[in-house]
Amino acid sequence: MNERNTAETTLFENSIRWLLVSVFSLILLLNVILWYSSHLERSSLESAEMGERAVALHKAEAAVRYNPFSVSARFVLAGAQRRLGREVAARNSLQKAIDMQPDNYLTWTQMALYERDYWNEPESARNHFGKAYTLNPQDLMLNEVLKLNE
């Protein structure tokens, strides 16, 4: 009976070790994926600054593939799409960010900035700036924008 208890204890300990190693490996893999997505976002922006629009788009699309839950990756993708004249795709990327995080004032702010600065939609921009302001009335930029629009 003593040998059986020892064998069961060893089996249990090995199972726990395996479980811990698996959990640690998954956490490590997730962190690497998130880091790589962030790296691709920065690299996309650098490519855009150098005028490499198609490369910037490719990297932004990859950033979204690696982290489809990142609104910042969607913002970078929208910028890359807009620079290539893909306005509908850019709007869809920004709308996806809003759909993912409707309570994040930055998603509404980004949409409003594009509407104001690129798409000549001042009324829609004003509405979206207002929505962003209701979510974060402490944001100084939003306060200034809304004052200028009065």
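This is a predicted model: local features need pLDDT of at least 70, side-chain atom pairs count only at pLDDT 80 or more; totals for chains, interfaces and linings use all residues.
## Rings and helices

Let's start with Y36: at 31% relative accessible area, this tyrosine is partly exposed.

Helix α4 (residues 87-100) has the highest confidence, with a mean of 98, while helix α7 (residues 140-148) has the lowest, at 83.

### Aromatic pairs

How many aromatic pairs are there? The count comes to 4. One of them joins Y36 to Y66 in an edge-to-face arrangement, with 4.9 Å between the ring centres and 85 degrees between the planes. This pair bridges distant parts of the chain: Y36 sits in helix α1 (residues 2-49) and Y66 in helix α2 (residues 53-66), 30 residues apart. Y66 is partly exposed too, at 41% relative accessibility.

Y114 and W119 make another aromatic pair, this one tilted, with centres 5.5 Å apart and planes at 50 degrees.

Back at Y36, ring pairs tie W35, Y36 and Y66 into a cluster. There is also a charge over a ring to look at: R82 lies over the face of Y118, 3.7 Å from the ring centre.

### Around helix α3

Helix α3 (residues 71-83) has its axis within 11 Å of that of helix α5 (residues 105-117), and the two cross at roughly 10 degrees. That makes α3 and α5 roughly parallel, since the angle falls under 35 degrees. On the α3 side the contact uses V71, F75, A78, G79 and R82, and on the α5 side L106, T107, Q110 and Y114.

What about α3 and α4? Their axes come within 7 Å and cross at roughly 170 degrees, so these two helices are roughly antiparallel to each other. Here α3 brings V71, R74, F75, L77, A78, Q81 and R82 to the contact, and the α4 residues include E87, A89, A90, S93 and L94, along with K96, A97 and M100.

### A positive phi

One backbone detail is worth a look. N120 has a phi near 50 degrees, which is positive in a residue other than glycine. N120 lies in the loop between α5 and α6 (122-135). With a relative accessible area of 65%, N120 is exposed.

Here are the accessibilities side by side:

| Residue | Relative accessible area and class |
|---|---|
| Y36 | 31%, partly exposed |
| Y66 | 41%, partly exposed |
| N120 | 65%, exposed |

Notes
Residues are numbered from 1 along each chain as its sequence is written. Side-chain values use heavy atoms; hydrogens and water are left out. Rings of Phe, Tyr and Trp (its six-membered ring) pair if their centres lie within 6.5 Å; planes under 30 degrees apart count as stacked, over 60 as edge-to-face and the rest as tilted. Helices (H or I, at least four residues) and strands (E, at least two) are DSSP runs, numbered from the N terminus. Buried means under 20% relative accessible area, exposed over 50%, partly exposed in between (1.4 Å probe, protein chains only). A charge sits over a ring if NZ of Lys or CZ of Arg is within 6 Å of the ring centre and within 35 degrees of the ring normal. pLDDT is the predictor's confidence in each residue, from 0 to 100. Axes are lines fitted to C-alpha atoms, for helices over the stretch in contact, and angles run from 0 to 180 degrees between N-to-C directions. Angles under 35 degrees count as roughly parallel, over 145 as roughly antiparallel, 65 to 115 as roughly perpendicular and the rest as oblique. Contact means heavy atoms within 4.5 Å.
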